[in-house]
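Open the model in your viewer and colour it by secondary structure. The stops below say what to select next and what is there.

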Amino acid sequence: MNNNKTILGIDPGTNIMGYGLIKKTNSKIEFIFLDVVILKNFKDHNLKLKKIFETTNDIIKRFNPDELAIEAPFFGKNPQSMLKLGRAQGAAMIAGVINNLPMTEYAPKKIKLSITGDGNSSKEKVSGMLMNMLKIKEKPKFLDATDGLAAAVCHALQRNVIVKKTSSWKDYIMKNPKRVN
């Protein structure tokens, strides 16, 4: 069994798509890269979807991940927004499908719970935890980038991976193993 995997995490959005990559080796998670795709300048929704697909495909070609973790659209007050987010997610997923990447979808609360221990955590708290866990020195300009990274880390943690040198997180997992799985 290969214990060395690169995981791409994506936070799909119609204005900003965040993504991050990690490398999981046995019980260690290492930060590789994170960034965002700015979509605000595209007025036509179909052009946004095309850009999401093309960019995700380019990211896959550039980093050659082994797996894809993607945040599911959340049910909000506006059904139109949820539909648009679902389409954005679908565009990213198709890039994964055509590249034969195994993919897993995670609810936003599950991602937050796996990173902070609280499914209602703020984007700022998730970002702070990831920066600490993965020793990221520079705060990203957009929190959507760490949201994408959080999907990748969530996926790695679902496979019983514990981030090294994060005793407070490790202590949490040991005390609450069922909340993470």
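The protein has seven helices and five strands, where helices (H or I, at least four residues) and strands (E, at least two) are DSSP runs numbered from the N terminus. Read from the N terminus, the elements follow the order β-β-β-α-β-α-β-α-α-α-α-α. This is a predicted model, in which local features need pLDDT of at least 70 and side-chain atom pairs count only at pLDDT 80 or more, while totals for chains, interfaces and linings use all residues. Residues are numbered from 1 along each chain as its sequence is written, and side-chain values use heavy atoms, with hydrogens and water left out.

Start with the sheet. Select the five strands: they form an open sheet in the order β3-β2-β1-β4-β5, with mixed pairing. Two strands pair if DSSP finds at least two bridges between them. β3 and β5 (103-106) are at the edges with a single partner strand each, so one side of each has no neighbour in the sheet. From one strand to the next, the twist averages 20 degrees.

Next, select residues 4-11 and 67-71. These are β1 and β4, which pair in the parallel sense over four bridges. Leucine 8 has leucine 68 of β4 as its bridge partner.

Keep α2 (residues 79-98) and show α1 (residues 45-63). Their axes come within 8 Å and cross at roughly 35 degrees. Which residues of α1 meet α2? They are His45, Leu49, Ile52, Phe53, Thr56, Asn57 and Ile60. On the α2 side, the residues they meet include Lys84, Arg87, Ala88, Ala91 and Ile98. Contact means heavy atoms within 4.5 Å. By class, ten nonpolar, four polar and two charged residues make up the contact of α1 with α2.

Now turn to the interior. Of the 181 residues of the protein, 50% count as buried, that is, under 20% relative accessible area, with exposed being over 50% and partly exposed in between (1.4 Å probe, protein chains only). Select Ile22, Ile115, Leu130, Leu134 and Val153: these have the most contacts inside the largest nonpolar core, which has 25 residues. A nonpolar core is a set of buried Ala, Val, Leu, Ile, Met, Phe, Trp, Tyr and Cys residues joined through side-chain atoms within 4.5 Å. At least two residues of this core come from each of β2 (16-25), β3 (28-38), α3 (108-116), α4 (123-133) and α5 (143-158). The largest share, nine residues, is from α5.

Centre the view on leucine 134. Leaving aside neighbours within four places in sequence, leucine 134 is in contact with Ile22, Ile29, Phe31, Leu149 and Val153. Another core, of 19 residues, lies apart from the largest one, and Tyr19, Ile52, Leu68 and Ala88 are among its members.

Finish with two loop residues. Asparagine 64 is in the loop between α1 and β4. Its phi is near 50 degrees, a positive value in a residue other than glycine, and asparagine 64 is exposed, with a relative accessible area of 59%. Lysine 135, in the loop between α4 and α5, has a positive phi of about 55 degrees although it is not a glycine. Lysine 135 is partly exposed, at a relative accessible area of 47%.

Technical notes
Axes are lines fitted to C-alpha atoms, for helices over the stretch in contact, and angles run from 0 to 180 degrees between N-to-C directions. Ala, Val, Leu, Ile, Met, Phe, Trp, Tyr, Cys and Pro count as nonpolar, Asp, Glu, Lys and Arg as charged, and the others, Gly among them, as polar.
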